[in-house]
Structure formats: structure tokens, C-alpha cells
Amino acid sequence: LTSGSVVVSGLGVATSLATDVEAFCATLVRGTVGIGRRPHNGRDPRLAPTLSADVEAAAVVSALRHRHGEQAVREAGRTAALTSLAALLVARDAWHDAQLDREPLPPHRVGIVLAGSNHTAGVVEEVQADLARSPAYVSPTAALRIWDTHPLALVSQSLGIQGESAQVGAASASGTVAIHVATRALRDGTLDACLVVGALQELSDAQRQAMFNTGAMAPDDPSAEPWTRCRPFDADRCGFVPGHGSAAVLLETADSAASRGVRARARVLGSSVRLAGSAGAEPHTSTQVEVLHEALGRSGIEPDLVDYVSAHATGSLRGDDCELEALEAVFGRPYVNATKALIGHCLGAAGVVAAVATVLQLEHGVVHPVPQLRRPPDTPLRLVGPAPVRTPLQHAITNGFGFGGFNASVVLAR
Amino acid sequence: VAVIANRASDEEPTVDHTREKAAMTTTRAWSAELDAQEQTVLAALRSCVQQVRPDVDTTRVTPAVTLSELGCDSMDRAEIVVLTQEALGLVVPVHEFAEVSDVATLVRLLRRHS
């Protein structure tokens, strides 16, 4: 089953925990939580959302300079947004990991799928400030940077990628849907390799407050440690905490990887995307069940073969309950954890970050802990709490569920 | 944005060395004629070139040279011109840049509006 099969040949990741794959893996296994309180920095003190898992731009620049040179930093441009810097970093890391710098492919046989939308809030704020000074001083390059596709364009320029490419937006399911879309382009022969990049989402104060006002975001509690506030599946959970994260997976046909002599870190067995036919925020258990079954069916495996589920689990009251119900309806007793408990909800990039975390857990035979899970629900599923579980893992499934009825699942295997 | 495009250099990237030598002579002659105000404009322009293209040697920003010859593309040039206007606290109507070819004409145009 070589022809038509798709493998993961490279990884890159930058989150609040770490700006390289190895360090990210180590923090996952330890169950380090990257959630903290945002410094005020002159922001309106009335703004309620204060919890976040942020990445400092300096850390991303330093990693980019250290691993890829000063030229790589310059490629992002003078006014580089954090999203662009992080995209270049994770893309170059995955590229190097897949040995595409040493064993290249024809530029038109490689594509990019950028996951996520509405990640240009920072550019909009900058342009508004220019505009307030004088319309004549609005930066002309903002005309380039205002497009969500700008990080994709920078990556294509940086790595010389010229094949079919697009941005994929599916709210919080963007990353998972992007992997699905890239896999199809590989299976149908359009591309030999495709770099899926999850765009780091910097929320504006307004966007952040709107999400908070839906009631889905965890409120701060000055008497509690910030890291305890995000508790997916726990009885005391109170909402999600947003996080900065960018990740890249280099997907490639098994034939291409074999002919380049590159080892597969994991295989993508199958995936599914469905809409619930709803423009709201509410989750849909029945659609989730359908998506899980369809992804498994396309992968040619029975539900019982799934050892590990990387749940969408944001820590929201209703969302976690619905997902648990869907998982119970489909599976026997797989291990289940929630990576968002450690790095926050990376929104449009979340599905790609989760895919990286899933591949690492498959490779190392470990299911990362969730230190906040103290009062787990009564369920036959093996929800992983404060201690990591070391066990051989063969098959995993990762979920991405988003506002607007987006539901997606991807099945990965060693 | 076709402003401050040097038409010749955009279409003909090849360098004519005789022209370059002539330009260097002109540069020296022209520089000598820079008045204090023009020197200020040129200094601001150099600083903005540095911000937009840190890889360009700013001592090469001389009157007879074009920004295109220094490797600046159309977006770099537009960004440099907007930054320089802000640095000098002046506003030049965009269409006036159509007549700009080299650094000399750009400096003169900016000075006219200061």
C-alpha cells in the first residue's frame, strides 16, 4: 500500500512552551503548562480576558536567527508580524527535518496549505495608528501584509515553493481541515509534497473580548494560579484559554519520501470533514460521530484499533461534554488527552499543532499528561490526568471542531 | 504603485559601466552642490532605506543612482518614500512621484514640499 499513501516527513512547531520540536516534545511529556497572565502594557484595564499562552516575538526571532541565519529573519520584512516570523520558523524547521534542503523536489511539485484566517489583526491596528497620524503615512506594504495569505507567500518565497497552494479557513477546525485538503492534493497526484502551516493567531483586544463575552473563555481568578484555569474534561472547567501557536507538517507521498530516501515520521491514513449546517457556536455530537466513523472508514481501520485520541477539548462546558459523548459512541477504551490544557487554544493553527503533538506521542509511545484534570468525568474512556502514560501507540485520531459547524478528524499511524 | 520607478532600470537590469562611471562623476559634482536642506533630506532618505532594506549599503544612496539599482523593488520604494515623508513631516501628492527617476530628483521633490 505504497501508492496513494501519505506520510509525515517533517515537523516544525512554536508555542508558548517551546520554539523547537524537541523542546516542545519534552515539555509535553512533562506536562508543562504555558498559560499565564498577560502583562497590562497600557491596555484598557476594563478588558476582562487576561489569561493567555503567549509567545514572545523575541523568542521566535532568536530561534529563526540561530537555526536559519540572519537572512531568514530579514525575509519576514521590516515590520514582520509574529504570525509571519513564526510561519517562516516552523516552515523552515519542517523543511529541514524532511531533508528538502538536501534532497529537493521540483518547485512546482510542492505546495503550501496555510491553516487559519483573520490573523492580521496586528496589521490592522498598525494601519489604524498610521491613519490617525496622516493618511499619507499609511504603510504601502500594508497592502501586502493585510492579506491573510501573506505568511504563505513569505514561506513560498523563502523555500522556493511553486506548486498548487491555498489558505484554508474553517474556524478552530482550520488546521485539521488543512491537513485533509493537503492529503487529497497528494493522493490525487497534484503534488508530491505539501507543507501545511498553521498560522499563529494574534487576537486583537476586540476579538479577544468578543470571544470572552460569548462565555466560552475562562475568566481569571486572582486567587488561583493561571495554569489551573484551563481544565478540559474536568468537572470544574470554566472555558478555554487562547494561545499563540504555529506549526508545520510536511506531508509527502510515500513514494516521494522513499525515492528521496527520507524516513516517514508517521502516516496519514485518512480524514473527514463535515458541516453541521449551523452558523452558531454550539457543538454537534451527531456530526462528530459521523466524522469519526468516516475518517476511520477511509483509513480502513476499526475504531478499536485507535490507541490514542487527541481531543479537540478546549475546556468549554458544553463542547467537552459533546465530544466525550461522541468519543464514547465510537470508541472502546482509547487514551484521550487535551493538548490545549498545556498550550492554550491556538485557534486556526490548533489542528496543525495537535498533529505535531500527536506524531511526537506516537513516536515516543507516551500520552502526555493533563495536570489540571483532577475531577474527571465518569467514562469508559481512559482520560489522561496528571501523570503521563507510557505505552506503545500504533493508531491515533486528532479532532478539530470549530464555530460555524466545522467538524474534522484525521487518523495518523506510526 | 509605479511611483519612483526608474523606467529604464526596471526594464533593463543590465548595468552599463560607462554610464555608471559617468554617473559617479556626476554624483561628485552634484553632491558638492547640495545645500543644507537637501543634505537633511538625503540623510532622512538614507535612514529610511536602511530601515526598509538593511542589506543595502546606505553610502550607495547617492544622487545619480536609482533605488531600483540598489535592489529596491516597487514596494520597497513606496515604503521608503512614505517613511521619508513622515520622517520629514511633509506630504507629497502621490502623482508627483511619477516624474522621479533617481535619488537626485526624489530629493529635489521632497525638498520642494518641505
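Biologist: What share of the 114 residues in chain B is buried?
Modeller: Buried residues make up 45% of chain B. Please bear in mind that this is a predicted model.

Biologist: And how many helices and strands are there in chain B?
Modeller: Chain B has five helices and zero strands. Along the sequence, the pattern is α-α-α-α-α.

Biologist: What percentage of its contacts with a separation of 6 or more comes from residues 24 or more positions apart?
Modeller: In chain B, such pairs account for 65% of those contacts.

Biologist: How far apart are Ser47(B) and Arg60(B)?
Modeller: They are separated by 13 residues in sequence, and their C-alpha atoms are 12 Å apart in space.

Biologist: Turning to chain A, at what angle do H2(A) and H4(A) pack?
Modeller: Helix H2 (residues 57-68) and helix H4 (residues 82-97) of chain A pack at about 35°, and their axes are 10 Å apart. The crossing is left-handed.

Biologist: Which residues meet there?
Modeller: From H2(A), the contact involves Ala57(A), Val60(A), Val61(A), Ala63(A), Leu64(A), Arg67(A) and His68(A). From H4(A), Leu82(A), Leu85(A), Ala86(A), Leu88(A), Leu89(A), Arg92(A) and Asp93(A) take part. By type, the contact residues are ten nonpolar, one polar and three charged.

Biologist: Which residues of the largest nonpolar core touch the most other members?
Modeller: That core has 61 residues, and those touching the most other members are Leu11(A), Phe24(A), Val196(A), Val249(A), Leu251(A), Val353(A) and Val356(A). Helix H14 of chain A, residues 350-364, gives the most to this core, with nine residues.

Biologist: What does Val353(A) touch, leaving out residues up to four places away in sequence?
Modeller: Its partners include Val13(A), Phe24(A), Ala247(A), Ile343(A) and Cys346(A). A second, separate core has 37 residues, among them Val60(A) and Val61(A).

Biologist: Lastly, which residues of H5(A) are buried?
Modeller: They are Ala121(A), Val123(A), Val127(A) and Asp130(A). Their cover includes helix H6 (142-145) and helix H9 (205-213) of chain A.

Biologist: What span should its 13 residues have?
Modeller: At 1.5 Å a residue, H5(A) should span 18 Å, and its end C-alpha atoms are 19 Å apart, which agrees.

Conventions. Residues numbered from 1 in each chain as written. Chains lettered and ligands numbered in written order. Predicted model: local features only at pLDDT ≥ 70, side-chain atom pairs only at ≥ 80, totals over all residues. Heavy atoms only, no water. Axes fitted to C-alpha atoms, helices over the stretch in contact; angles between N-to-C directions. Helix = DSSP H or I, 4+ residues; strand = E, 2+ residues; numbered from the N terminus. Left-handed = near helix turned anticlockwise from the far one by under 90°. Contact = heavy atoms within 4.5 Å. Nonpolar A, V, L, I, M, F, W, Y, C, P; charged D, E, K, R; others polar. Expected span 1.5 Å × (residues − 1). Buried < 20%, exposed > 50% of the residue type's maximum accessible area, 1.4 Å probe, protein only. Core = buried A, V, L, I, M, F, W, Y, C linked by side-chain atoms within 4.5 Å.
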